[in-house]
Each structure stands twice: as structure tokens, then as C-alpha cells.
Amino acid sequence: WTFTDTCGNTSSVSQTITVLDTIAPVPPPAPGDLNLQCASDVPAPVDLTAIDNCDGPITVSPTANITPGNCLNDFVMVRTWTFTDTCGNTSSVSQTITVLDTIAPSAPAAPDDVTVQCADDVPPPVDLTATDNCDGDITVSPTANITPGNCLNDFTLVRTWTFTDTCGNTSSVSQTITVLDTIAPVPDPAPGDLNLQCASDVPPPVDLTATDNCDGDITVSPTVNITPGNCLNDFTMVRTWTFTDTCGNTSSVSQTITVLDTIAPVPQSPPGDTTLQCAADLPPPVDLTAIDNCDGSITVSPTTNVTPGNCLNDFVMVRTWTFTDTC
């Protein structure tokens, strides 16, 4: 203040006012720290307002600093709200959001275990879908592990569906399919049993076919077992057809052929009986032939039996032709 009188004499006094804002804005509390499973669970950022001693309300949005982990749902996010007044005084608050997916996908039930006879009966694989807390639906095909048995239709197949989310959390379900062929082939009937006279009457062997549940048609020739008798046309023949599938299941049918020649040869008529006067009139012996059902023609000479009388020209001669077949 300066004071001056009418003659120009002056005096003055002064006051100094210093203004300096050194007080930072007073921030509100930050939202609470969070531990979450999924990136999609992170809440949207919000604005916060601080009260400054000079500037009044100061509203700001947060900045975000992210430290990534090993997957999309593994990271740490720090949100920081920084409040600055017109004199550069600052204050800040932070919120830490930790995201780590530790929950495995929720797997569906696997198809039921099954036991079948044939490899062809194994049902085709199907895709299954699990639901993950972060990744939603995860659909996979199964892997297969086979433990072989002793044949093509003897094995154990384990199908496993493994569901893995983006953070490597896994769950799995399995189905066990047991394949074991225990059913023997179903054969055709064998030819009927036979009773024959001659070995030459035995019919030739034929192939027979069985139907197998896994292998389809199985055609085989018979094996033969012969029990001999006392001659060529006296024996028992058993023909057996044995059907074996790839797993060793067997079935068989048999035919018994009994051969026994009981029919004697049929001879031609001998020369007629005759009455003679003299021994010198005797006709010479001749061979005769019989026809046998099995052996065909059998030709023999006669045997002679003489019953003498009272002199050289008194006797009875019987000539006999005996025909014997192989039996």
C-alpha cells in the first residue's frame, strides 16, 4: 500500500502471499484384487474419481499392465488409476487380477463297454464333446489301444477320448471293447451213413461247407479213418469233415460207410449130368466162370470126386466148380 500527501511525500507497506499446491489428490479405494479362471471372466475397466484439494473431482480410466503366462487363460493384469492435479501432484491405486485356468474340461460319459464275437462287430468310433469352463465345447475323436489275443477275432480295444483346454488341463473317458470269437462254425449235414457190398461202391468224397459267425463260409474236404475187416470188401470207413475258424473253434460232422460183401458169386450153369458106358467116354473137364457182385468174373477149374464101383468102367464122378470171391 503506498500513501502520498499533497506535497508528494510518500510512504508504503507490503504483504507477500505465497501460493503452492503440494497436496496430491485423495484417491478412492481401487476395486478388490481378483483370482479368476478365464480371460473372459475379467471385468470391464471402470473409471474412478479422486478429490483434489484445489481441483476438486478428478476422474480417470485405468492403465493395464499384463504379465503373460503359458496360455491364453494364464496371466496377471495390474490396473492402475493415476490421479494428477494441475500442479502435477499425483496419487494412484491399483487392482491386481490374476487369471489361471486350473479346471479341466467336463467330459461326457463314454459309450458303454461291449463284448462282441467278431472284429467286424466292433462299432465305429464316434466323436465326443466336453464342456470347458473357459473354452466352451471341445470335441475330439478317440485314440485306440489294441491288446491282441491269439487270433484275428481275439483282442481288447480301448478307445480313449482326451479333452485338453488351451491351458493344458485334461480329462478323459474310455470305452473297452472285448472281441472274442467263441462260436464254432455251423456245418452242413454230412451225407447219410451207407451199408455197401463192395469197395468199388464207395462214393467219392465231397467237400462240405460250414458257415462261421465271423469267417463266413468254410469249405473243407473230409479226413478218412478206415477200420479193416477180413477182406478187401470188408471194412468200415468214417469220413469226418472238421471245420475250424481263425480262432480255433471247431465243429465236425461224420459219415460212416460200412462195406461188407455177403453175396456169393453167381456161376454159369455146369455141363449137364450124363451117364456113359466107358471111362474113355468121359469128356475132358472145362473151366466155368461165375460173376461176382464185387470181383467181376471168377473162372475156375473143377475138382473131381470119384466113387468107384466093381470095375474100371463102373464109377460115379462128380465134378465141382467152386467160386470164391475175395471175401
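Modeller: Happy to! Buried residues make up 30% of the 327 residues in the protein; buried means under 20% relative accessible area, exposed means over 50%, and partly exposed lies in between, using a 1.4 Å probe and protein chains only. This is a predicted model, in which local features need pLDDT of at least 70 and side-chain atom pairs count only at pLDDT 80 or more, while totals for chains, interfaces and linings use all residues. Residues are numbered from 1 along each chain as its sequence is written, and side-chain values use heavy atoms, with hydrogens and water left out.

Now for the overall form. The protein has 26 strands and zero helices; both are DSSP runs numbered from the N terminus, with helices (H or I) needing at least four residues and strands (E) at least two. Along the principal axes, the C-alpha atoms fill a box of roughly 230 × 25 × 20 Å. The radius of gyration is 59 Å, whereas a compact globule of 327 residues would have one near 20 Å. That value is taken over C-alpha atoms, and the globule rule is 2.2 Å times the number of residues to the power 0.38. Of the contacts between residues at least 6 apart in sequence, 53% join residues at least 24 apart; a contact means heavy atoms within 4.5 Å.

Here is the part to zoom in on. The largest nonpolar core has eight residues: Ala110, Leu128, Ala130, Ile138, Val140, Trp161, Phe163 and Val173. Strands β10 (128-132), β11 (136-140) and β13 (154-164) are the elements that give two or more residues to this core. As for the term, a nonpolar core is a set of buried Ala, Val, Leu, Ile, Met, Phe, Trp, Tyr and Cys residues joined through side-chain atoms within 4.5 Å.

Let us pick out Ile138. Beyond its neighbours within four places in sequence, Ile138 is in contact with Leu128, Ala130 and Phe163, among others. The list for Ile138 also includes Pro105, Thr129, Thr164, Asp165 and Asp132.

That last partner deserves a stop of its own. Asp132 lies in strand β10. Although Asp132 is buried, it has no salt bridge, and the nearest side chain of opposite charge, Arg79, is 20 Å away. A salt bridge needs a side-chain nitrogen of Lys or Arg within 4 Å of a carboxyl oxygen of Asp or Glu. For charge, Lys and Arg count as positive and Asp and Glu as negative, while His and the chain ends are not counted. What does the side chain of Asp132 reach? It reaches the backbone nitrogen of Asp135 at 2.8 Å. Setting aside residues up to four places away in sequence, Asp132 touches Asp101, Ile103, Ala104, Pro105, Ile138 and Asp165.

For comparison, let us visit Asp261, which is found in the loop between β21 (250-260) and β22 (266-267). Asp261 is also buried without a salt bridge, and its nearest side chain of opposite charge, Arg239, is 18 Å away. A polar contact of 3.3 Å joins the side chains of Asp261 and Asn293. Such a contact is a pair of N or O atoms within 3.5 Å; within protein, one must be able to donate a hydrogen and the other to accept it, and residues adjacent in sequence count only if both atoms are side-chain atoms. Residues touched by Asp261 include Gln197, Asn233, Asp292, Cys294, Asp325 and Cys327.

Leu288 is in strand β23 (residues 288-292) and counts as buried because its relative accessibility is 4%. Ser297 lies in strand β24 (residues 296-300) and counts as exposed because its relative accessibility is 55%. Among the partners of Leu288 are Ile298, Thr299 and Val300, while Ser297 is in contact with Thr289, Ala290 and Ile291, leaving aside its neighbours within four places in sequence.
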